[in-house]
Every structure is written in structure tokens, then in C-alpha cells.
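Please walk through this model with me, from the whole chain down to single contacts. Keep the structure open as you read.

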Amino acid sequence: MKRKEDLVNNGDVAAKKKKTKSRQNGEGTIYDKVVKKKRKNGEEYELKYVEAQIMINNKRCTKTFKGKREASAWLQKKREEASKGIYIVSNKVKFKEFADTWLKDKEIEGKKETTLSGWRLYLDNHILPSLGSIALKDITTEKLNSFYSEKMGTNSQRKRDSKTEEKKNEPISPNTVIHFHRIIHNILNHAIKHRILAYNPATACSKPKAVKPQINILTVEEVVKLLETARLYNIKKNGEINEKVNQSYYPALVVAVYTGLRRSELMGLKWKYVDLDNGILTITETLLQITGKKAYQEDDTKTYAGKRTIAVPSEVIEILSKHKEYMGDTEYVFCNNKRGTPDPHNFNRFFEKLLVKAGIEKHVRIHDLRHTNVSMMVLQGVNPKDISKRIGHSSYSFTMQTYAHIMPETDMKTAEKLSELLQKSTEKPTEIKG
């Protein structure tokens, strides 16, 4: 359609706009465009272009070209994007801006605050300093691969040394880089839903291979040493209570060793779920501390299988009974010094100091007490299915995979017992009647 030069007339421009707004989604047109300009000497001249317009999602999209061929190709591309629902509404949004939008949307969806705070930590400390200022449209698979490579093996200063209380450097593991990738992939997928991107460049990334976390198991002798050190830490040599130490820590450590509870389950245990008469603990709630905040989140157990009852021996019930008598009427079993909500991070710090006092040089976490509890049950010949049920795993197969490295030791003991049985039988052969 040839446009006349007098389209610059205000009335004609208004008519043109009115007509454009009435177009349906995907409808467009191409027309000539004339721009009048003046040179420095006052001489007037004209520049002729071709302009393409298309309506997508009630929004007019316009672009100017030198020739009709380029304009037609652009218009066809936009029509295809509109028909497939992948029309890009913006190409200037920065990664940091949209990451904030993603977090807000995830909060609306009901994601737990502990999960959100973990994501924020990864974004603020690692992802945004490298990718935050880049426009979403400029993020490529190559840039993401480069980011992952740079992060591999670099130092993170999140943790503190238990001896000096100073921040210590720890190499970023492949598993942590995989967490970065999952967050980035999720954000870019969200951008596709918002029609800011047409595809996700993270899909084609080369992720590092996941490394199975190292499980450090304490020996029986080390467990006994740890408990004895904790008891002396809690109670003075003259039998008096050490008021400087949280009185919940020693009984909490005992329960952790005997039950293999997760830290969140241990800290979330309330007296209403403790049956001292029958020696049973009911696990139905957890307590998590939000990263970087003195705030706590009560929640259900990690999985449905996590809701369970656990029998504990008489010596543990005796310690819990004395603890209840000393602490008085509190909601949580292992409360803080003010009889209030426990502080999971403080319990971690106590445990790290305890390892030093006990002379245990292994790198052991509180969660490793759970692994130690399982290993002791395995070595005692407890049925793996019973172990899986007691520790609250979602499946028996997961238990077998997690503790497969312990099984050969028990399998050897089984083979030795079988050999012993068969040897005794061959010493006194029974008569076989023909």
C-alpha cells in the first residue's frame, strides 16, 4: 500500500492510529514512510523508508526498514511468534530485575521462607555479581558455561572455623554449582512464561558431574567419648549444673545418637510428642532457622514417611525425665536458655566446640550422627527395612543406596556366620538314607 506524502497531516495520523487499534492479534501492514529534514544551510530534503506495524496482544509493534523485503521478513517472523505464543514483550530486562520478580512470584506460590532465603543467598553472593547486569536476551549458553567454570573450585567464605571463630575459605563444590544452574534455569523458564524470552539458554549448558557427599561416621569409641565430654560440659565435676551452657544440648545430643533424628526434627520435638511412660517419641513437626535471620519456621516433616514413632531405651528416658524436671514447663524439649524456641545454629556451634574438646579431628557434622546411628544398627544386623522406617526415609531403596558402603562389612559378617554354620555341619555329617 503506497502511503501519500500528506499523511503527516494531524487528521490523517489520528485516522491511521484509530484504524491500527482495530486490528486483530497478528494483523499487520507495511507502508512507505517519508521523513522531511533540513540541512545546515536550510535546504530541505526527504528520507524514504518502509515501516511495518503489527498488533500482538493488544500492543502495537512498529519497526522501520530500508526496504520492503526486510520489512516483510520481520512481519512474518512476528506473526509466527504470535501464533505460537512466544512473542517477546521486552528485550531490555536485566537478569537481576527479573530474578527479583521470580522470587516474589515464588513467594506468592507458597514456597517456604527457608527455601527462599537459601535462593537469595546463592543469588546475592554468587549469581547476581556475575550475571545480574546482563540483559536476559544477552544471556547465552556459552556465558553460563563460562560462569559455571569460573565458580568451580573458587572459595566461599560462608563457614567459620570452630577453633578461631573466623571465616574460613572452602572450595565451591560441583553440587553447589549444580544448585546455581537449577536456580538460573528456573528463572529463565519463568522469563519464557512471561514472554520475555523465546527459549532457555540454560537447557543446553554443560553441568558439572554431581559428587556424592562424603559421609563421616564416628566409631563406637568416638561416640562414647563425645557423649562423656558433653556430659562433663553440661555438669560440673562436683555434680552441679553448669549454668553457662545450654542445658538442652547434652540431652539433645543423646537423643540424636540413639535415634538418628534430623536436626530439624530434633529441634522441633515438643513435650506433647514425648511419652516418658512408654519410652516413645512421635516425630510430626520440624523446626528450621531461616538463613541469616533470627527467625524460625515450624513445618511438617521432610517427607510423609518422616511422620513416625520411635522407641528409645530406658537410659534415654531417664535423661529426658531429669531434663524435664530441671527445665520445667516448656513447649520445646530442647529449648534455649530462656526456655523459648531452640536456636539450631547455636546447637551446631556447640557441637563443633564439643568435637574439639573431645579431641575428635574428623570433619563431622551434626547430620553425621544420623549416619552413625544407621551404621551402628546395620552392624548390629538390624533389618534394612526396619532401619528405613525408623529413620524416616521415603523408600527402602534410598536407604540401601545411601548406606551401600556399609553393607559389604555386614555382608562379610553374614558370610563368616554361614561358613561357621556349614563347617560345624560338615564336622558331624548326617547319614543320608538312599
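This is a predicted model: local features need pLDDT of at least 70, side-chain atom pairs count only at pLDDT 80 or more; totals for chains, interfaces and linings use all residues.

Residues are numbered from 1 along each chain as its sequence is written, and side-chain values use heavy atoms, with hydrogens and water left out.

Start with the whole chain. It has 15 helices and ten strands. Both are DSSP runs, numbered from the N terminus: helices are H or I with at least four residues, strands are E with at least two. Of the 434 residues, 39% count as buried. Buried means under 20% relative accessible area, exposed means over 50%, and partly exposed lies in between, with a 1.4 Å probe and protein chains only. Contact means heavy atoms within 4.5 Å. Among contacts between residues at least 6 apart in sequence, 61% join residues at least 24 apart.

Now take the sheet with the order 1-2-3. It is open, has three strands and pairs in the antiparallel sense. Two strands pair if DSSP finds at least two bridges between them. Strand 1 (28-38) and strand 3 (59-65) are the edge strands, and each pairs on one side only. From one strand to the next, the twist averages 30°. Eleven bridges link strand 1 to strand 2 (residues 44-56), and this pairing is antiparallel. Tyrosine 31 stands opposite glutamate 51 in strand 2.

Another open sheet has three strands in the order 6-7-10, again with antiparallel pairing. Strand 6 (274-275) and strand 10 (308-311) are at its edges, each with a single partner strand, so one side of each has no neighbour in the sheet. Two bridges join strand 6 to strand 7 (residues 280-283). Valine 274 has leucine 281 in strand 7 as its bridge partner. On the other pairing, strand 7 and strand 10 share four bridges. There, isoleucine 280 is partnered by alanine 311 in strand 10.

Turn to helix 8. Ten of its eleven residues are buried, so helix 8 is largely enclosed by the rest of the structure. Among the buried residues are Tyr249, Leu253, Val257 and Thr259. Just after helix 8, glycine 260 takes a positive phi of about 70°.

How does helix 8 meet helix 10, and at what angle do their axes cross? The axes of helix 8 (residues 249-259) and helix 10 (residues 314-327) come within 10 Å and cross at roughly 155°. That makes the two helices roughly antiparallel. Axes are lines fitted to C-alpha atoms, for helices over the stretch in contact, and angles run from 0 to 180 degrees between N-to-C directions. Angles under 35 degrees count as roughly parallel, over 145 as roughly antiparallel, 65 to 115 as roughly perpendicular and the rest as oblique. From helix 8, Tyr250, Pro251, Val254, Val255 and Tyr258 meet Glu315, Val316, Ile319, Leu320 and His323 of helix 10. An α-helix has 3.6 residues a turn, so residues three or four places apart point the same way.

Helix 4 packs otherwise. Its axis is 11 Å from that of helix 6 (residues 174-193), at an angle of about 80°. Helix 4 and helix 6 are therefore roughly perpendicular to each other. The residues of helix 4 that meet helix 6 include Trp119, Tyr122, Leu123 and His126.

Is histidine 126 buried or exposed? It is buried, with a relative accessible area of 8%. Its side chain also makes a polar contact of 3.2 Å with the side chain of lysine 151. A polar contact is a pair of N or O atoms within 3.5 Å; within protein, one must be able to donate a hydrogen and the other to accept it, and residues adjacent in sequence count only if both atoms are side-chain atoms.

Finish at arginine 263, in helix 9 (residues 263-267). Arginine 263 is partly exposed, at 23% relative accessibility. Leaving out residues up to four places away in sequence, arginine 263 touches Pro344, His345, Asn348 and Ile366. With asparagine 348, the link is a side-chain to side-chain polar contact of 3.0 Å. The C-alpha atoms of arginine 263 and phenylalanine 347 are separated by 9.1 Å, though the two residues are 84 apart along the chain.
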